[in-house]
Amino acid sequence: MQDPLAEAPVPPHPPFILTRTIVLVGLMGAGKSSVGKRLAQRLHVPFIDADTEIETAAGCSIDQIFERHGEAAFRDGERRVIGRLLTENTPHVLATGGGAFMDPETRARIKASALSIWLKADLDVLVRRVKKRNNRPLLKKGDPRDVLARLIDIRYPVYAEADLTVESIDGPHDRVVDDVLAAVARAQGIEHG
């Protein structure tokens, strides 16, 4: 089986030097992890998935954290882990969980020390993508389309506070990566081919 990250060749040099961590925010299914891995490859920096780091710190899955301790305990751990990731590492690409940016303290930390990018996807795209995995605790509380529609209403106004917004469209993730790179270059006043 071919490596899914092998869609496009990784250039020998990054298009620009990353001086601040890029934090990807957005709803589940927006592509934060898959786009983030490719983006980190292209920029020659580490990729960190906040959910994976939370699971490592807790010694169990996010699903188990929700079941055993509830969402509030998960959000508290998420806040601490993201705070640590923002201060302990050199510039990297950080994919956050869908609810992380909703926390005012986490959002303030991200704004103070990183460049936040909202990967914005429409409802139909999100529904198609989340059907591929069944490990999303919030989707176990009803019809996934209805849950996602409610989350869009609540979260999109907050996600709009991110520094940049890039549309996460259907199609190869490398197109979204190209759009992210172009948006970051424009924001930093860098020529990007």
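Reply: Here is a walk through the strand, then the rings.

This is a predicted model. Start with strand 4, residues 114–120. Six of its seven residues are buried, so the strand is mostly covered, with buried meaning under 20% relative accessible area.

Strand 4 has paired neighbours. Strand 1 (residues 21–25) pairs with strand 4 in the parallel sense, over five bridges. In that pairing, V25 stands opposite W118. Strand 5 (residues 164–167) also pairs with strand 4 in the parallel sense, over four bridges.

W118 leads on to the rings. Ring pairs link W118 with Y156 and Y159 into a cluster. Both tyrosines, Y156 and Y159, lie in helix 7 (residues 144–159). They are three residues apart, about one turn of the helix. Y156 and Y159 are both buried.

Now the ring pairs. The structure holds four aromatic pairs. One of them is F66 with F74: the ring centres are 5.1 Å apart and the planes meet at 40 degrees, so the pair is tilted. F66 counts as buried because its relative accessibility is 14%, under the 20% cut-off. F74 is buried as well, at 4%. Y156 and Y159 form a tilted pair too, with 5.9 Å centre to centre and 45 degrees between the planes.

R107 lies over the face of F101, at 6.0 Å from the ring centre.

Definitions and conventions:
Residues are numbered from 1 along each chain as its sequence is written. This is a predicted model: local features need pLDDT of at least 70, side-chain atom pairs count only at pLDDT 80 or more; totals for chains, interfaces and linings use all residues. Side-chain values use heavy atoms; hydrogens and water are left out. Buried means under 20% relative accessible area, exposed over 50%, partly exposed in between (1.4 Å probe, protein chains only). Helices (H or I, at least four residues) and strands (E, at least two) are DSSP runs, numbered from the N terminus. Two strands pair if DSSP finds at least two bridges between them. Rings of Phe, Tyr and Trp (its six-membered ring) pair if their centres lie within 6.5 Å; planes under 30 degrees apart count as stacked, over 60 as edge-to-face and the rest as tilted. A charge sits over a ring if NZ of Lys or CZ of Arg is within 6 Å of the ring centre and within 35 degrees of the ring normal.
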